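Subject: Structure for you to look at

Hello,

Here is the structure I promised you. Please open it first, then read my notes below.

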Amino acid sequence: MLTPDTPGPFVSPSPQYVPGEKPERHVADADLVWTADETAQIDVFRSQYPTPDGAVMKTLWLAQEKYGWLPPEVIRLVADTLGVPYAKVYGVATFYTQYFKEEKGRFVFDVCTCFSCQVCGGYDMLHYLKETLGVPKGGTTADGLFTVQEAECLGACGSAPMLQVTNGPYVHNLTRDKIDAMLDALRAGKELPFESVTLPQDQAELGGNRRTDAEAVETYQTPPVSKTIH
Ligand code: FES
């Protein structure tokens with residue numbers, strides 16, 4: 001007999017992604033079509049691999065750029081376009097966090113809190129961003145502009161702490177001032193006011209993308225959980 005403390009049957013946290021079920025739809029059928037340019041691009045992807053499933057990742061990427069995220073019907077579109085089983089495309093889309101399975105803000109901040117970034121203040125930066133925008137980790141601002149996420153190592157440990165903007169530019173050597181400048185620029189529809197660099201070598205090459213307060217800022221101060229927003 002089930003009591004309130006007895007675990008019930010397992011319920012999938014994302015039932016809309018169970019192949020075979022009828023998920024809620026987010027994109028109208030009329031919009032589930034490729035343009036001529038996109039079709040030509042997908043043909044190029046196909047030609048680059050011996051079998052069509054080689055083109056799954058690039059076609060999913062194209063779909064995400066077109067629709068902003070990958071609801072089940074878009075995954076189905078990719079599968080049908082390539083003639084690859086839905087389950088296979090679904091498996092790829094759900095394996096990589098860079099593919100968005102839920103709607104995000106226009107700009108998605110992946111703040112690295114892996115080891116190098118963590119010891120250089122990655123959590124300070126994550127919490128500052130959450131508190132500045134008034135959203136929890138994983139949350140999106142009410143205006144739909146910004147989503148804040150925590151990320152594992154993004155391969156730029158030498159310029160920690162850092163974040164990535166919507167699977168694109170890296171912002172290195174983060175400080176609170178740099179985050180403020182980044183938010184102002186993005187809100188104003190401007191380019192980021194610093195270069196995205198991978199391996200900064202010298203001051204001239206950094207183009208302003210250098211932490212200037214490294215000595216003044218105390219790190220290791222902020223624990224993994226914010227005091228104000230969870
Ligand atoms: S630990 Fe942050 S980029 Fe590697």
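A nonpolar core is a set of buried Ala, Val, Leu, Ile, Met, Phe, Trp, Tyr and Cys residues joined through C-beta atoms within 7 Å. Keep that in mind for what follows. Note too that this is a predicted model.

Start with the overall layout. The protein has eight helices and four strands. From the N terminus, their order is α-α-α-α-β-α-α-β-β-β-α-α. Of the 230 residues, 26% are buried. Now take the contacts between residues at least 6 apart in sequence. In 58% of them, the partners are at least 24 apart.

Next, the cores. The largest nonpolar core holds 23 residues. Phe-109, Val-111, Leu-129, Met-162, Leu-163 and Val-171 have the most contacts inside it. At least two residues of this core come from each of strand 1 (107-112), helix 6 (122-133), strand 2 and strand 4 (170-171). Helix 6 is the top contributor, with five residues. A separate core has 15 residues, including Val-56, Ala-63, Val-74 and Tyr-90.

Leave aside residues up to four places away in sequence. Met-162 then touches Cys-112, Cys-117, Leu-154, Ala-156, Tyr-170, Val-171, His-172 and Leu-174.

Now turn to a helix pair. Helix 1 (residues 36-47) packs against helix 2 (residues 56-67) at an angle of about 160 degrees. Their axes are 10 Å apart. Angles over 145 degrees count as roughly antiparallel, so helix 1 is roughly antiparallel to helix 2. The crossing is right-handed. On helix 1, the contact uses Glu-38, Gln-41, Ile-42 and Phe-45. On helix 2, Lys-58, Thr-59, Leu-62 and Lys-66 take part.

After helix 7 comes Gly-189, with a positive phi near 75 degrees.

Gly-155 sits in the loop between strand 2 (146-151) and strand 3 (163-165). Cys-114 is 41 residues from Gly-155 in sequence, yet their C-alpha atoms are 10.0 Å apart.

Best wishes

Methods
Residues are numbered from 1 along each chain as its sequence is written. This is a predicted model: local features need pLDDT of at least 70, side-chain atom pairs count only at pLDDT 80 or more; totals for chains, interfaces and linings use all residues. A residue is buried if 20 or more other C-beta atoms lie within 10 Å of its own, exposed if 12 or fewer, and partly exposed in between; C-beta atoms are placed from the backbone. Two residues are in contact if their C-beta atoms, placed from the backbone, lie within 7 Å. Axes are lines fitted to C-alpha atoms, for helices over the stretch in contact, and angles run from 0 to 180 degrees between N-to-C directions. Angles under 35 degrees count as roughly parallel, over 145 as roughly antiparallel, 65 to 115 as roughly perpendicular and the rest as oblique. A crossing is left-handed if the near helix is turned anticlockwise from the far one by less than a right angle, and right-handed if clockwise.
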